[in-house]
Amino acid sequence: MNQSVKQPNRLGEGGRIDRARTLSFTFNGKRYTGHAGDTLASALLANGVDIVNRSFKYSRPRGIVAAGPEEPNALVQLGSTEAAQVPNVRATQQALFDGLTAQSTNGWPNVQRDVMGLVGKLGGRFMPPGFYYKTFMAPASMWMTYEKVIRMGAGLGRSPMVPDPDVYDHLNQHCDLLVVGAGPAGLAAALTAARSGARVILCDEQEEMGGSLLDSRERLNNQPAAQWAEQVLAELAECDNVTLLARTTANGYHDHHFVTLHERRTEHLGETAPVVDGYCPSRSRMHRVRAGQVLLATGAHERPLVYAGNDVPGNLVAGAVSTYIRRYGVVPGTKLVLSTSNDHAYRVALDWHDLGKASGREVVAIVDARQAPDGELVEQARARGIRIITGSAVLEAKGDKRVSGARVATIDAEAFKVTGQAETLACDTIASSGGYSPVIHLASHTGARPTWSDEVLGFVPGLVKGVHAAGSARGIHDLAEGLADGVAMAARALEALGRTAGSIELPQVDALREGAACALYQVPHEKQTLRAPKQFVDLQNDVTAAAIELATREGFESIEHVKRYTAMGFGTDQGKLGNINGMAIAARCLNKTIPEVGTTVFRPNYTPVTFGAIAGRHCRELFDPERYTALHQWHVEQGAEFEDVGQWKRPWYFPQVRAEAANGERESMAEAVARECLAVREKVGILDASTLGKIDIQGPDAREFLNRIYTNKWAKLEVGRARYGLMCRDDGMLMDDGTTSCLGENHFLMTTTTGGAAGVMEWLELWHQTEWPELQVYFTSVTDHWATMTVTGPEARKLLAEITDIDLDRERFKFMDWREGKVADVPARVFRISFTGELAYEINVQANYARHVWKTLFEHGDKYGLTPYGTETMHVLRAEKGFIIVGQDSDGSVTPEDLGMQWAVGYDKPYSWVGKRALSRSDTRRTERKQLVGLKPKDPKVVLEEGAQIVFDPDHAIPMPMVGHVTSSYYSPTLESGFALAVVKGGHRRMGEIVYLPSADGKTHAAEIVGPIFYDSKGERQHV
Amino acid sequence: MFHIYCPYCEELREEEEFHPKGQAHIARPTDPDTCSDEAWGDYLFFRDNPRGIHHELWVHAVGCRKFFNITRNTVSYEILETYKIGEEPRFTAEHPAGKPTEQAAAEAEAVARQEGVKA
């Protein structure tokens, strides 16, 4: 079949595509064909697709403008299935593959006929910056409704609604020199460094390495430039010290030369990663590169000129036209008008002209803003008989869905005036060039401010130590100079690394004399900017020259404010195409120079990165580590429900199958907890307490250390005894609690809260290492080494006695004693510590014996009614006893005194322990501090809400003074009533007073302030 | 992400291994009980926020668990040095280019002596 029929804009020959391999793809539901080597953009242009999107705000038809990451319009949604959806892909960066399915990101109901387009056409003038906020501001409650409708008309793509089938990797990399960009400067630099023996990573964001060499008219060593690139790449590929990363974008430059590279490994092969050699590769990789030195050879982005109608499809950035012709064999039109401020862009006219009359292509005119251009490229154009109109510019593009003509006139750029009569040239394509902006994004990420160069007519990157820029990235656009600069800058980087640059013979380039460019950003129009047809600065965000002018008139003088008010440089664009033009317009309106206006700050990422690559393998079960106790499998087998405590999975409660239920229905949480609570109070229960933090403390000064770090006294704790301790920060606020046992004269075992273990460990080290290095004491975390099983309840002793050789006599093994011996024939430490208020033994065994001991307990426990219980029951039981949980009943603003725990404070200890001094600050002495109390709801059926606010007077006018809140609240099956712990202002002296808790459902509950101990207030049961 | 040289491990490691612990060289008053409320409040709550050279306390939390100090430029984020607890920083606000080392001081003294001889 004749290709030219199927792809009307495809050339019969030339370019780097493979015409033998035809690929089919779907765009907005219509099938097209392209070739291997195409991007989606080049394939769309080959097929003559003019409109690829609708604009963000005005919904105007938009076509492809550029050929690289700076493309503002051709944003597409990829994916034929829900799982494969990828939003906001720039068609210019998406390699074509067979079966590719893409849709316009914007344009509802479709790009050809767009309802919102009416707004753009009729209402355009009435949609200044801030339009939506100004118009739809009131009433505030309606904004959510407005927003939904507005978003349907606007919006930028959508994320998939089902899990991503692909996997993504992170790779940590180290290198001596990272070279970003494999154009002429980058290749020369990488070769120089490679030959020095340095470890080099060379990355490039395009499908193929080579940058501008791939579509250059210039010849190197009298060969096509691309051939030289191929030779260099072949040599680099052979070097063991070089890593080549194509399709890899350096997106973020972080501290200390940490650069994140996003490598797209399979995006060119299919919409999800295909199976290769029997395995499925990761879709993309995030390389986390720590580089010794970094060389930025990121090139430059061409600036389009700002003129009326410059967004109509058929308006392109000049260099992109050359790229499409020379690299992809695609001519995006028939009759070209070039509007330029420089010699460089003349290449476009020459490329177009050289296609020959027979191809049906014609260069209508080159419109040059300069009075007397005289560079060699200008001469070449003249020699070909191309019409050159000097001192002029395209004022306005005519046309609706495609350019139909260009209005051209002489201008005075300095005075910002049209000086002559406009002439209309019939054409379908307008290429414009206002110069070249070095890509300074990565350098800006380091915090270095770029500086304006009048010579370059652009910002050149500011560079921190260890960063180098070469070639176009610092304004050196000439090919021969750029190659030499790559070598020189690589040599500089290598010198900093203490290496000598390898020798390299630069290819011979035919010197090309270029005339000076002139500064032209916005082209004047016969009408004032505010009245002229729209002149777009930022196509992606629909920011016009008029909008910027209006912003400056409304008082937005800082360029950062102009940016935020107009949205210039937002979105995926990030100021690649329009920023300099926008700044130049702001500068003109404010009567300042561009450097005076300054530039906005660029931040990572340079181009959008898929979340998958950012997450890598840190998703699903690897999102956050999960910690299991040695008994976890048993809990799972028993059908326990689990609760997350820090990273630990702890059994929450053990729902049993209802005895009366035939269908295997299980208990509710309330039923399970009630059953577990009563089992502990009446018989015996068992808790897996292995998650409690355990720190082994040894050394001759261990006891002294405890005296300083805990609020209470440790001088007289004997071997074989345990004590509850409170730990404060030096501001006097409680930070952790737990029991510590004396294992030997110089040996202690500290327990911490489950969530606080790591923090307490670091806290102990902090004080030891920075304040008291003279103390001889050593800390070892043994949390995972020991499994802890709490056997508690009136029958606990009888049960344990059956399987231990330890003497459990109540007089010889008292409350707060610990003993060593055997339990179920394995070595154990048994601590008589109670967090339930009942007789309790905490059995500690080596973690790998835990399951054996646990099962042995159950073998003997049946006759005593041994019942496993979880954290919820533990909470109810401890709260009935008024035992606090740090972090629940305290919150970092609570002192031991606020908790009424003066009994655990050693006021007369010789050393001024951590937190002591703060207890005599004026703030901690206030009588109106929030203090821990118990709350008894007037209605025993009520379980107050945790976090509920407390007031003294429910009839007080709103806002009511809030005097405290509920910290813990449960239903007690033992008391057959709801009960709560709370903090209340001056609560300790308010016993018996009634407080009120207005709740969200409109009800107000009354409760009586009581002591925090609801059960066995004398503490007799734990001593039996 | 910082690249931090642990003075105990004597290796450069990724920031992920470390925890920042605030300003360095905050000495606890030797006798807290006789310390005024104001002095105690300064110790507890008040920290410097300099533009430029700053001394910070860090811990190699998932490495050797040792605390040490970092001299860091808060503008450029450059780490000028790391040093052990009890050691003095070489780079300070007064000596942003580094205090003369003992060796350099000895050499300077030797030169001065030579010049003295010449004079």
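**Reading a predicted complex**

Modeller: Start with E774(A): it counts as exposed, because its relative accessible area is 53%. The scale runs from buried (under 20%) through partly exposed to exposed (over 50%), with a 1.4 Å probe and protein chains only. The model is predicted, so local features need pLDDT of at least 70 and side-chain atom pairs 80 or more, while totals for chains, interfaces and linings use all residues. Residues count from 1 along each chain as its sequence is written, chains are lettered from A and ligands numbered from 1 in the order written, and side-chain values use heavy atoms, without hydrogens and water.

Colleague: With which residue does E774(A) form a salt bridge?

Modeller: A salt bridge is a Lys or Arg side-chain nitrogen within 4 Å of an Asp or Glu carboxyl oxygen. E774(A) pairs with R708(A), closest N and O atoms 3.9 Å apart. The partners are 66 residues apart: E774(A) is in the loop between α21 (757-771) and β39 (778-781), and R708(A) is in helix α20 (702-709) of chain A. Helices (H or I, at least four residues) and strands (E, at least two) are DSSP runs, numbered from the N terminus. R708(A) is buried at 9%.

Colleague: How many salt bridges are there over all chains?

Modeller: The count is 77. One of them joins K649(A) and D644(A) at 2.6 Å, N to O. K649(A) is buried at 18%, whereas D644(A) is exposed at 53%. Another joins D923(A) and R929(A) at 3.2 Å. There D923(A) is partly exposed at 31%, and R929(A) is buried at 5%. Shared partners also tie R217(A), R326(A), D351(A), D354(A) and R384(A) into one network.

Colleague: On to the interface. How much area is buried between chain B and chain A?

Modeller: The size of an interface is often given as the accessible area lost when the parts come together. Buried area here uses a 1.4 Å probe and is summed over both parts. The value is about 2,500 Å², with 46% from carbon and sulfur atoms. In chain B, M1(B), R28(B) and R65(B) lose the most area to chain A, together 29% of what that side buries. Contact means heavy atoms within 4.5 Å. By that test, 29 residues of chain B meet 30 residues of chain A.

Colleague: What about charges and polar groups there?

Modeller: Eight salt bridges link chain B and chain A. D37(B) and R917(A) form one of them at 2.6 Å, N to O. A polar contact is a pair of N or O atoms within 3.5 Å; within protein, one must be able to donate a hydrogen and the other to accept it, and sequence-adjacent residues count only if both atoms are side-chain atoms. The interface has 23 such residue pairs, both residues at pLDDT 80 or more. On chain B, β3 (19-23), α1 (37-45) and β4 (53-59) each supply at least two residues that touch chain A. The largest share, five residues, comes from α1(B).

Colleague: Which residues does R288(A) contact?

Modeller: Skipping neighbours within four places in sequence, the contacts of R288(A) include H170(A), F258(A), M1(B) and E16(B). R288(A) lies in strand β15 (284-296) of chain A and is buried at 17%. Its side chain also makes a polar contact of 2.7 Å with that of N172(A).

Colleague: Now packing. How many residues of α8 in chain A are buried?

Modeller: Nine of the eleven residues in α8 (318-328) are buried. Y324(A) is among the nine. G329(A) follows the helix with a positive phi, near 60 degrees.

Colleague: And the nonpolar core?

Modeller: A nonpolar core is a set of buried Ala, Val, Leu, Ile, Met, Phe, Trp, Tyr and Cys residues joined through side-chain atoms within 4.5 Å. The largest has 51 residues, and F25(A), F27(A), L40(A), Y324(A) and I366(A) touch the most other members. A second, separate core of 37 residues includes V179(A), L202(A), W228(A) and M489(A).

Colleague: What are the elements of chain B, from the N terminus on?

Modeller: They run β-β-β-α-β-β-β-α. Of the 119 residues in chain B, 34% are buried.

Methods. Buried area is the accessible area (1.4 Å probe) that two parts lose on being put together, summed over both.
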